[in-house]
Amino acid sequence: MIYFIAAGSDGPIKIGYAKTSATRRLKELQTGNDRELVLLRTVDGDRATEAAYHKVFESHRLRGEWFSREPVVGFLKNLPTQTRAEANDQERVKRLWPKVLDSMRERSALTASYFADTYPA
């Protein structure tokens, strides 16, 4: 996945690739940074996608994978609010959540029943 991490509310933005977790990468970067870092957005992508973003913002590169804030934020504002995968995940959660709650209630009832039967008052 591609992540966009901002240094503070007015600082530059890092465009990078995380194989597993953008949140984990944020924590790793925060250790070596005196400004509060904020994960602005993630989008689907691989190293080639990361390189493409770097090329698009090449004229705004400050150093390494850090870019001027304004052009990147402007770009992010024009992205759809969710990727298709994110929307699908949310729909799946909405669909499955009632089943999860029912299962939790059923397990709680079974546990309460077991203890009531095993340890009568």
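A strand, as the word is used here, is a DSSP run of E residues at least two long, with strands numbered from the N terminus. The model is a predicted one. Its chain holds four helices and five strands, and from the N terminus on these elements run in the order β-β-α-β-α-β-β-α-α.

**The chain as a whole**

- Of the 121 residues in the chain, 26% are buried, and the accessible surface comes to about 8700 Å², of which 54% belongs to carbon and sulfur atoms.

- The five strands form an open sheet in the order β3-β1-β2-β5-β4, and the pairing is antiparallel. The edge strands of this sheet are β3 (37-43) and β4 (61-63), each of which pairs on one side only.
- Helix α2, made of residues 47-56, packs on the sheet and touches β1, β2, β3, β4 and β5 (66-67), while its direction makes about 155° with that of β2.
- Strand β1 (residues 2-7) pairs with β2 in the antiparallel sense over five bridges, and Ile5 stands opposite Lys14 in β2.
- The two strands β1 and β2 form a hairpin with five residues between them, and in the turn Gly8 has a positive phi of about 70°.
- Strands β2 and β5 also run antiparallel and are joined by two bridges, with Lys14 standing opposite Trp66 in β5.

**Strand β2 and Ile13**

- Five of the five residues of β2 are buried, so the strand is largely enclosed by the rest of the structure.
- In a regular strand the side chains alternate between the two faces of the sheet. In β2 both faces are covered, with Ile13, Ile15 and Tyr17 buried on one side and Lys14 and Gly16 buried on the other.
- Ile13 has a relative accessible area of 0%, and it therefore counts as buried, since that term applies to values under 20%.
- Leaving aside residues up to four places away in sequence, Ile13 touches Phe4, Ile5, Ala6, Leu40, Glu65, Trp66, Phe67, Arg69, Val72 and Val73.
- The C-alpha atoms of Ile13 and Tyr3, which are 10 residues apart along the chain, are separated by 9.7 Å.

**Helix α1**

- Within helix α1, which spans residues 22-31, Ala22, Leu26 and Leu29 are buried. Seen down the axis of α1, these buried residues fall within an arc of 70°, so they line one face of the helix.
- The buried residues of α1 pack against β1, β2 and β3, whereas Lys27 and Thr31, on the other side of α1, are exposed.
- The N-terminal end of α1 is capped by Ser21, a side-chain oxygen of which lies 3.3 Å from the backbone nitrogen of Thr23.

**Helix α2**

- Glu50, Tyr53 and His54 are the buried residues of α2. Because they fall within an arc of 100° when seen down the axis of α2, these residues line one face of the helix.
- These buried residues of α2 pack against β1, β2, β3, β4, β5 and α3 (69-77), while on the other side of α2 the residues Ala48, Lys55 and Val56 are exposed.
- Asp46 caps the N-terminal end of α2, with a side-chain oxygen that lies 3.1 Å from the backbone nitrogen of Ala48.

**Helix α3**

- In α3, the residues Arg69, Val72 and Leu76 are buried. Their positions, seen down the axis of α3, fall within an arc of 80°, so they line one face of the helix.
- The cover over the buried residues of α3 includes β1, β2, β3 and β5, and the face of α3 turned away from its buried side carries the exposed residues Glu70 and Lys77.
- Two of these buried residues of α3, Arg69 and Val72, are also among the residues that Ile13 touches.

Methods: Residues are numbered from 1 along each chain as its sequence is written. Side-chain values use heavy atoms; hydrogens and water are left out. Buried means under 20% relative accessible area, exposed over 50%, partly exposed in between (1.4 Å probe, protein chains only). Contact means heavy atoms within 4.5 Å. Two strands pair if DSSP finds at least two bridges between them. Axes are lines fitted to C-alpha atoms, for helices over the stretch in contact, and angles run from 0 to 180 degrees between N-to-C directions. Accessible areas come from the Shrake-Rupley method with a 1.4 Å probe; for residues, only the protein chains shown count as cover. The arc is that of the directions from the helix axis to the C-beta atoms. A polar contact is a pair of N or O atoms within 3.5 Å; within protein, one must be able to donate a hydrogen and the other to accept it, and residues adjacent in sequence count only if both atoms are side-chain atoms.
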